Every structure is written in C-alpha cells, then in structure tokens.
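Take a look at the structure below. This report walks through a few of its parts, one at a time.

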Amino acid sequence: MSSKDQIIKINIEDEDAYAEDLYKDLISSCSKHVKIKDITLIRKAFDLAKESHKGVKRKSGEPYILHPVAVAKIITSEIGLGTTSITCALLHDVVEDTEYTLEDINHFFGEKISAIIDGLTKISDVFDKQSSLQAENFRKMLMTLSDDVRVILIKLADRLHNMRTLDSMPPNKQLKIAGETIYLYAPLAHRLGLYAIKSELEDLSLKYRHPDAFEEISAKIKDNEKKRQQEINRFSLPIIEKLENSKINFDINGRPKSIFSIWNKMQVKNIQFGEVYDLMAIRIIFKSLNRETEKAQCWQIYSIITDIYTPKPDRIRDWISSPKANGYEALHTTVMGPNGKWVEIQIRSERMDEIAERGFAAHWKYKGENASENELDRWIKRIREMLENPNSDALEFLDDFKMNLFSAEIMVFTPKGEIKTLPKHSTTLDFAFEIHSEIGNKAIGAKVNHKLVPLNYVLRSGDQVEIITSNKQKIQKEWLENVLTAKAKTSITDAIKAETKDRIQKGKSILETKLKILNINPSGRVLKKIIPEYKISTKDELYSKIGSGIIKLDNLKKILKKNTKNKIIRYWDLQISKTTSSNKTKKSTEVSTKKQKFNYKDPLIINDDADQELYSIKISDCCSPIPGDEVIGYKNPNDDFVIIHKAKCPTAIRLMSSEGNYIVPAKWISQKFLSSLAKLILNGIDRIGIASDITAVISKELSVNIRKIFIETHDGIFEGAIDLYVHNVRDLNNLIMNISKIKGVDSVKRNEKIAK
Ligand code: MN
C-alpha cells in the first residue's frame with residue numbers, strides 16, 4: 001500500500017540482510033525474461049527502492065521493501081514482463097511515498113521509466129485521496145492506458161500483492177479494498193486476458209466479502225478432491241493411450257474451478273455446490289511441432305477424442321481460427337463421458353496456454369514489444385470514446401464499462417462489408433448508433449441479411465446489417481430497453497433529457513397556474529400532498545407527467561383538502577452498539593458521541609436490547625436485508641444514520657468500490673419485536689384451491705404476516721409473489737420449505753438481486 005499512515009519505523013540493521021535475500025530471490029525468478037546486462041539496471045532500481053523506503057515497515061510488520069520486490073516478482077514470474085517493467089515495479093511507490101522526485105527517477109533511469117512511474121504515481125495519487133470518488137479515479141486510470149499499458153499491468157500486480165496480504169488490514173479497509181477489487185480490478189484483468197490473476201483476485205475478494213461461504217466451499221472442494229481426481233483419471237485414460245500412440249507430446253489435467261466461480265454459479269443459478277462441482281472440465285495442452293501446424297494438431301486431437309467419446313452437437317468453439325478479443329486461442333468441445341455426464345474439453349498448444357493464462361503480456365513475448373496493435377488497440381480506442389464523452393457521470397460510466405468488460409463480443413458487417421464489433425446481444429438499434437448517432441436517431445427498422453427486422457432485433461456474429469431511416473422518426477424512451485451499448489444509451493438519454501427539460505418546465509407552469517386559481521402558494525408542503533396521490537416519487541416526475549398530459553390535475557382541490565397521514569416505510573430507530581470498549585461511555589456523554597466522528601473501524605452490531613442509542617439504522621429497500629443476513633453498513637458523513645445493505649447486494653458492492661471509506665462492517669443479530677419485509681416469488685402447476693393452500697401454510701406460521709399476495713395463472717401455470725413480514729432468515733427458510741411441499745408448487749424463492 002502506498003498510503004503513509006500505515007508505516008512505522010524499525011531497526012535498520014537486519015533490514016539490509018533481509019532485503020538482500022529478497023533481491024536474490026527476485027533475480028533467480030526473472031532470469032527467463034531478463035538479459036544479463038540488464039541486471040545492473042534492476043540492481044540500481046532495487047538499491048534506490050531499498051534506500052528510499054529504509055526503516056519503514058508494512059502494516060504486517062515486514063520491512064516495506066518486501067512490497068515493491070513482491071510486485072516486481074509478480075510482474076516477471078506471473079505476468080511475464082521484462083526489465084523495464086521489473087524496474088518500474090521496484091520503483092512504483094518511491095515517488096509516491098519518499099523524498100525522491102520524478103526528476104530524480106528521470107535522472108537515474110531515463111525518460112521511458114520515469115514516464116511509467118509518473119503514470120503510476122498519478123493513479124495512486126487520486127486513488128488514495130479520501131474525498132474523491134474512486135469511480136472518477138478509475139476513469140483517470142484508464143486514460144493512462146493509451147500511454148503505456150504497463151502502467152495498468154503494474155497497478156494490477158500491486159493490487160494482487162495487496163490482496164494477498166490483506167489480512168493485516170483492519171476490517172473496514174478490507175471490505176473497501178475487496179469491493180474495489182471485484183468491481184474494477186478483476187474485470188480489468190479479465191479484459192486484458194490475465195486469467196490466472198483475475199481468478200485469484202476474485203477468490204481473494206470473496207474471502208473478505210463472504211468469509212463463511214468462502215470457507216465452506218474451500219472445505220467442500222478439499223473433501224471431494226480425491227473422488228474428482230478418480231473420475232478424471234477414468235475419463236482421461238483412453239485419451240492418453242491414443243494420444244501417446246499418435247506420438248503427441250501433451251499434458252492432460254482436470255481444469256480446477258475457482259472458489260469464486262463455484263460460488264457465483266451457486267448464486268446466479270440458485271443451485272447447490274454439488275451441481276456446480278460435478279461438471280467436469282478437462283484441458284489438454286500439447287507441444288506443437290511448430291507454429292504453422294498448431295491448428296492442424298488441435299483438430300487432430302479433437303478427432304482422436306471424438307473417436308472415443310461422442311461430441312455434443314453445436315458445442316464446438318473454435319477460437320483458433322478467430323481468437324477472442326482479449327487474445328484467447330483454443331479449441332473447445334463437449335463430449336459425453338463414460339458415466340453419462342457432459343465433459344468440457346479445452347485443447348491448446350503451450351503457446352496458446354500461456355496466452356490464456358498471462359494474456360496480453362504473452363502476446364508481447366511472442367510478437368515483440370510492438371504487438372500492441374490489433375485487438376487491444378481497438379479496445380483502447382473504444383474506452384477512449386467512452387472516456388471522452390463529457391456527459392456521462394462517473395458511476396454510470398463505470399457500470400457501462402463493467403458491462404462491456406464482461407460481455408463477449410460479436411462481429412457484424414455493414415452493407416459495404418466493413419466489420420463492426422459490438423457486445424453480445426446487441427440489437428439493430430445498437431448497430432445504428434455505432435455507425436452514427438444521427439443514423440440511430442432516425443432509425444425505423446433494419447434489414448439483416450436482406451430480411452426486414454425491427455429495431456430490437458438481436459444481432460448475431462456474421463450478420464450483415466443495413467439500417468433504414470426516416471426523417472420523421474422521433475427518439476423514444478422505450479428505446480433504452482432495446483439497446484446495450486454505452487454509445488447508444490448515452491445518445492438516447494441525451495436526446496430525451498433535452499426533451500424532458502421542456503416538458504418539466506411546461507408541467508411546472510401548468511401546476512402553478514392551477515394552484516394560483518385556488519389561491520395556494522406552490523410550497524414544498526403542497527407538493528408533498530400531491531405527489532403520493534399520483535403514485536409517483538419525485539417533483540420532476542410530477543411536473544413531467546403534468547407537462548405531457550398524463551396527469552390531468554382534475555381532483556386537485558379534493559387532494560389538497562385531504563388529511564394525508566405520513567407514511568413511513570422501512571425506517572426503524574434501532575439501537576446500535578459498537579464492539580469496542582472505548583464506546584462504552586456513560587449515558588451523559590452519549591449525545592456528544594453521536595455528534596462526534598463516526599467510527600468506521602469497528603464492526604457495527606445491530607441488536608434490539610443494547611443499552612445505548614447512538615445511531616439510527618435505515619434498511620435499504622433495494623435488497624431488503626433481514627436479521628441473519630450477511631450485511632454491511634454505509635454511513636455518509638453528512639447523515640446521522642447508517643444504511644444497511646446485504647453484503648452481496650449490487651448497490652453495496654458499488655458503494656464499497658465508489659465510497660469505500662464510508663463502509664462499516666456490520667452484524668445483524670436483532671430479532672425481537674422487529675418485523676422485516678421480504679418477498680417470495682413462486683410458481684407451479686395451477687389447480688383449484690392452490691391459492692388457499694398457500695395462504696393456509698403461511699397463516700400457520702406464527703411469526704410471519706402476509707402483507708400482500710398476488711397470484712396469476714395462465715396456460716395452466718401459476719406465478720405468484722408474496723410480501724411478508726418476517727423476523728429472521730430462519731423463519732423465512734422454514735416457510736419456504738413448507739410452501740415448496742404444497743402439491744403443484746414448483747419453485748419458491750426469495751426475491752433478491754445478487755451481485756456478480
Ligand atoms: Mn504499492
């Protein structure tokens with residue numbers, strides 16, 4: 001870490017010997033990528049780093065020099081970069097944290113290295129300032145991408161080492177750093193094709209965000225490992241025999257699934273560990289005779305395997321003929337294994353495997369240092385386009401960016417045969433905006449492969465697309481649902497914003513005139529009475545709906561006469577206690593404690609029998625956590641309450657990353673007196689009396705109250721939603737179990753969004 005508050009002075013004498021050991025270890029691990037004559041430069045950088053960080057310790061107690069050397073080691077042995085990058089990694093915190101300036105670096109190491117260090121320092125600079133939004137910083141970080149991609153790679157190595165040593169940080173910092181990591185760094189590593197690093201970052205982030213789930217899955221993996229290995233061997237044996245007969249030099253292994261990927265599948269698909277873990281995947285890595293025959297060898301191996309096992313039709317993925325945008329090359333297929341289960345097989349040469357694990361850096365190795373052309377350049381160009389758009393707000397930008405990182409891509413053609421790359425699931429309308437915003441604005445339909453299709457038609461790779469336009473066309477809000485790309489969304493939103501502004505203005509003056517007739521001043525109090533009446537939530541929405549004639553204001557007089565009660569939803573004044581003794585102040589000082597600085601460090605314990613009342617709690621509506629859920633707190637310094645989110649809520653993860661300094665670890669142990677709202681979603685086969693059976697089960701549960709129930713049937717299927725007040729997760733799970741036992745009910749699920 002580069003911030004200065006976590007460092008303390010130590011005895012200097014043993015540090016030299018310690019540092020020397022680290023150096024030897026680094027040199028022996030980078031011999032592959034470094035020429036002998038370059039070692040002088042690395043030594044020089046090491047000496048400067050050692051000298052400048054002298055006497056400083058990391059939070060974990062080791063001398064600070066451990067960190068830059070560890071980052072340099074990641075850079076060379078895990079990313080595969082050479083001298084320049086190793087030198088920069090060693091120096092990455094020098095300008096940031098010590099007396100040395102950029103001019104010094106320039107003087108000792110020259111232009112190129114000092115430019116990279118400058119980039120790294122700038123990133124750190126914005127990242128560590130508490131006040132600024134990290135989202136905005138991330139944008140700046142990407143700006144530097146086009147200067148030298150090594151800046152990003154070193155920053156990733158820096159983050160990886162910090163994640164590996166996160167244990168020594170306080171819990172609130174752990175959450176902030178782990179949140180940022182899953183939100184920004186892992187997708188970035190993925191996009192750069194650094195699979196191994198991406199996967200480790202995801203696992204480490206999960207370890208701190210959901211420690212219990214992490215432990216549980218790791219333990220289960222350990223328990224099942226032997227059985228899995230046996231299955232793999234049984235499947236592989238006939239393949240090994242035949243490949244050896246064909247004189248192919250290869251390695252075969254079961255592709256291990258990461259803890260995060262298992263957890264994620266369990267969450268997204270709502271399935272058990274076993275269902276994810278049982279799916280087998282095999283990887284065959286072969287030594288190619290030479291670069292030219294690689295492709296043919298892949299297909300030869302494919303042919304040998306499919307002589308033994310039957311392939312699943314339509315499951316061939318040929319990333320040899322056209323590699324993925326991040327450089328990935330391999331041949332994938334799925335075959336029927338001996339025990340009736342599908343097995344995925346990946347076939348790669350050693351070169352392809354290195355690219356798959358190390359990504360872009362490996363391209364460098366194979367193509368020389370000028371290999372940054374082609375795909376990566378195109379990607380950087382697209383990022384630039386997004387960055388240069390002055391209208392997009394930083395967080396919105398991040399969401400778009402993240403989406404674009406994750407999604408696969410399709411390639412489509414213009415009528416003239418020009419290739420356009422779009423995210424998977426893009427529509428004809430996305431394509432129109434990709435060509436030009438004016439084409440998008442005027443689009444009325446399209447021809448895909450010479451056939452007429454609507455604007456929401458989902459494109460597939462290889463489609464040839466022609467957009468049909470009309471000058472009479474007007475942009476519609478619904479279009480936002482038909483587009484995927486940031487470019488299209490921004491263009492549509494901008495056009496709508498301009499239009500909405502006019503409408504709001506119009507609505508405002510209509511309302512003011514009507515109120516004037518009734519001799520009433522348009523105050524906030526008056527608006528508060530009107531707004532709930534039309535089931536809307538904001539002032540602007542009211543004006544806009546009046547402006548467009550949706551709200552007619554016919555009953556205005558009646559509404560204003562009504563005595564509306566204040567409706568307070570989901571806001572409780574709970575008592576909070578902090579775990580540390582320092583907070584056990586006497587009653588008389590409590591009031592002032594409340595006004596004092598909020599303590600983000602110690603976990604927040606939410607219960608209902610604490611004898612102190614320090615802060616109030618707001619339960620977030622987006623994820624509706626209930627007692628027993630894993631939760632985190634968010635407290636804006638301007639508010640006197642803490643908002644509680646589920647730890648896996650997408651908003652929470654966004655907050656951890658964008659306003660991580662305001663996140664506080666929390667535990668919800670309260671369960672008495674309090675009821676929380678939860679929503680169940682269910683479906684099944686319709687039959688007479690099913691609704692009353694369901695309500696009967698619910699009313700039997702003493703601790704549960706129905707707020708709203710909604711059941712709809714169509715074509716012999718019913719779908720329903722039930723809003724309930726429950727006390728805790730245990731009661732809710734009990735209820736879910738009992739409902740699922742009812743004849744005809746197919747699935748019952750708690751309605752919750754889950755973050756990736
Ligand atoms: Mn660092």
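## Two packed helices

Helix 11 and helix 13 pack at an angle of about 65 degrees, and their axes lie 8 Å apart. Axes here are lines fitted to C-alpha atoms, for helices over the stretch in contact, and angles run from 0 to 180 degrees between N-to-C directions. The model is predicted: local features need pLDDT of at least 70, side-chain atom pairs count only at pLDDT 80 or more, and totals for chains, interfaces and linings use all residues. Residues are numbered from 1 along each chain as its sequence is written, and side-chain values use heavy atoms, with hydrogens and water left out.

Which residues meet? From helix 11 come E202, D203, L206 and R209; from helix 13 come I259, F260 and W263. Contact means heavy atoms within 4.5 Å. By class, this contact has 4 nonpolar, no polar and 3 charged residues. Ala, Val, Leu, Ile, Met, Phe, Trp, Tyr, Cys and Pro count as nonpolar, Asp, Glu, Lys and Arg as charged, and the others, Gly among them, as polar.

## Each helix in turn

Helix 11 (residues 195-209) has 15 residues. Helices (H or I, at least four residues) and strands (E, at least two) are DSSP runs, numbered from the N terminus. Helix 11 is mostly covered, with 11 of its 15 residues buried. Buried means under 20% relative accessible area, exposed over 50%, partly exposed in between (1.4 Å probe, protein chains only).

Helix 13 spans residues 259-269, and its buried residues include F260, W263 and M266. Just after helix 13, N270 takes a positive phi of about 55 degrees.

## The manganese site

What coordinates the manganese ion? The donors are H67 (NE2), H92 (NE2), D93 (OD) and D158 (OD), at 2.2 to 2.5 Å. Donors are N, O and S atoms within 2.8 Å of the metal (3.2 Å for Na, K and Ca); water is not among the atoms, so sites may look incomplete. Along the chain, the donor spacing is H-x24-H-D-x64-D.

H67 lies in helix 3 (residues 66-78), and H92 in the loop between helix 4 (83-91) and helix 5 (94-97), so the pair ties together parts that are 25 residues apart in sequence. Both H67 and H92 are buried.

Four strands form an open antiparallel sheet in the order 19-20-18-21. Two strands pair if DSSP finds at least two bridges between them. Strand 19 (705-714) and strand 21 (745-750) are the edge strands, each pairing on one side only.

Helix 29 (residues 729-740) packs on the sheet and touches strand 18 (676-685), strand 20 and strand 21.

How values were computed
The expected span of a helix is 1.5 Å times one less than its number of residues.
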